[in-house]
Amino acid sequence: MENSLISVLAGKVQSPPPIWFMRQAGRYLPEYRELRSQTVGFLDLCYDPSLASEITLQPVRRFALDAAIIFSDILVVPHALGQDVGFVDGEGPKLSPIVDEADIERLELSRMPEILSPVYEAITRVRQELSSDVSLIGFAGAPWTVATYMIEGGSSRDFASVRRWAYAAPDKFAGLIEILIEATANHLCSQIEAGADVVQIFDSWASALTAEGFQRWVIEPTTAIVKRVRERCGEVPIIGFPRGAGLGYLDYANNCDVSALGLDSAISPDWAARVLQPLIPVQGNLDPIMLLAGGQPRDDAADRILRVLGNGPLIFNLGHGVIKETAPEQVEELVQFVRSWKREEID
């Protein structure tokens, strides 16, 4: 059977396009909440191959999606490097913040294979369960985004500490970024070797940077990671997602050598069709709030994406992750809507 997502990533047009969702395995699903109640902490789920593989498969079973994305988190990388990482219900991630070069020097790349081995075991289990027409996506956070958590100690509204460090002491900050480039490339390759067909690089906080900062701390590290992954793991497709990049999406597409570009919800489909899609397959970009709202507004927004971007290589997705309050029925209705769309209807 043809794998439609891999086909689109190779530049082909599929009608209807393949569909999956960022954060498709998570709190909006009752079956996830049931498993979550059996564990003490979020990282316990990520590091339990049996539970992580089951959670990964839940939305694929329920919605017959074209891809599974391994249940994990971008912060397993700093945790595996030796930073204290925890998750507080209702507050999100909490890390012991990196404040100086001594904290950077304590990070150990050699720890990663052992600490993250349960993630790779979960990937192997999931790949064995999936049919060949369903892709398995591995992922990692981009160095800039992961660094924001490592230095801020968690989520942030203004990213003042990390930006100040990057601007005032760029050579020192580059030391952390270089470690994260190596760690991220290693993590992505280990996921590919375990059975991932595709990997995605999440740069969720790319919007926090100036244009010059975007070039140095998003484009350059991502380019280095892609180069290392391709040298070690061959031409496995890589999706880049520099959320909030705005016009920087074009520079990202032209320079990072990714296979496809994930679009956030602020990107106009018309601009993407005119400027980006002639260069690279695109993924996106329904507003997750539209999915939450449901009904005709959701269908109208999805229809516009399909009409504008469906004539080129498109993976239908959201502009960010599924919101936890979303009813599963809304997801099911959207999947059915996309599945029923045919490109020839608009030619």
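This report describes strands, a nonpolar core, pockets and backbone features of one predicted model.

**Strands**

Strand 4 covers residues 135–141, and because seven of its seven residues are buried, strand 4 is largely enclosed by the rest of the structure. In a regular strand the side chains alternate between the two faces of the sheet. On one side of strand 4 lie S135, I137, F139 and G141, on the other L136, G138 and A140, and both faces are covered. Strand 4 runs parallel to strand 1, to which three bridges join it. In this pairing I69 stands opposite I137 of strand 4. Strand 4 also pairs with strand 5 (residues 198–202), again in the parallel sense, over five bridges. There F139 stands opposite Q200 of strand 5.

Strand 9 (residues 314–318) is mostly covered, with five of its five residues buried. L314, F316 and L318 make up one side and I315 and N317 the other, and the residues on both sides are all buried. The partner described for strand 9 is strand 8 (residues 282–286); the two pair in the parallel sense over five bridges. Q283 stands opposite I315 of strand 9.

I280 is placed in the loop between helix 14 (269–276) and strand 8. I280 has a relative accessibility of 5% and therefore counts as buried, the cut-off being under 20%. Beyond its neighbours within four places in sequence, I280 is in contact with A253, V258, S259, A260 and L261. From I280 to W341 the separation is 61 residues in sequence and 22 Å in space, C-alpha to C-alpha.

In soluble globular proteins, nonpolar side chains tend to be buried together. The largest nonpolar core here has 127 residues, and F173 and L176 touch the most other members. Helix 11 (residues 170–194) gives the largest share of this core, 12 residues. Not counting residues up to four places away in sequence, L176 touches I98, I104, L107, A147, M150 and I151.

**Pockets**

At least two lining residues come from each of helix 2 (30–36), strand 2 (85–88), strand 3 (92–95) and helix 9 (143–152). The second largest pocket is lined by G82, Q83, D84, S96, P97, I98, D103, R106 and L107. Of these, I98 and L107 are also among the residues that L176 touches.

R36 lies in helix 2. Because its relative accessibility is 17%, R36 counts as buried. Leaving aside neighbours within four places in sequence, the contacts of R36 are G41, F42, L45 and D89.

**Backbone features**

Most residues other than glycine have a negative phi, and most peptide bonds are trans.

R23 is not a glycine, yet its phi is positive, at about 55 degrees. A64 likewise has a positive phi, near 55 degrees. A64 is placed in the loop between helix 4 (49–63) and strand 1 (67–69).

The peptide bond from S15 to P16 is cis, with omega near 0 degrees.

How values were computed
Residues are numbered from 1 along each chain as its sequence is written. This is a predicted model: local features need pLDDT of at least 70, side-chain atom pairs count only at pLDDT 80 or more; totals for chains, interfaces and linings use all residues. Side-chain values use heavy atoms; hydrogens and water are left out. Buried means under 20% relative accessible area, exposed over 50%, partly exposed in between (1.4 Å probe, protein chains only). Helices (H or I, at least four residues) and strands (E, at least two) are DSSP runs, numbered from the N terminus. Two strands pair if DSSP finds at least two bridges between them. On a 1 Å grid over the protein atoms alone, a cavity is a set of points where a 1.4 Å probe fits but cannot get out, and a pocket is an open set with protein on both sides within 12 Å along at least five of seven lines; lining residues have an atom within 4 Å of a point. Contact means heavy atoms within 4.5 Å. A nonpolar core is a set of buried Ala, Val, Leu, Ile, Met, Phe, Trp, Tyr and Cys residues joined through side-chain atoms within 4.5 Å.
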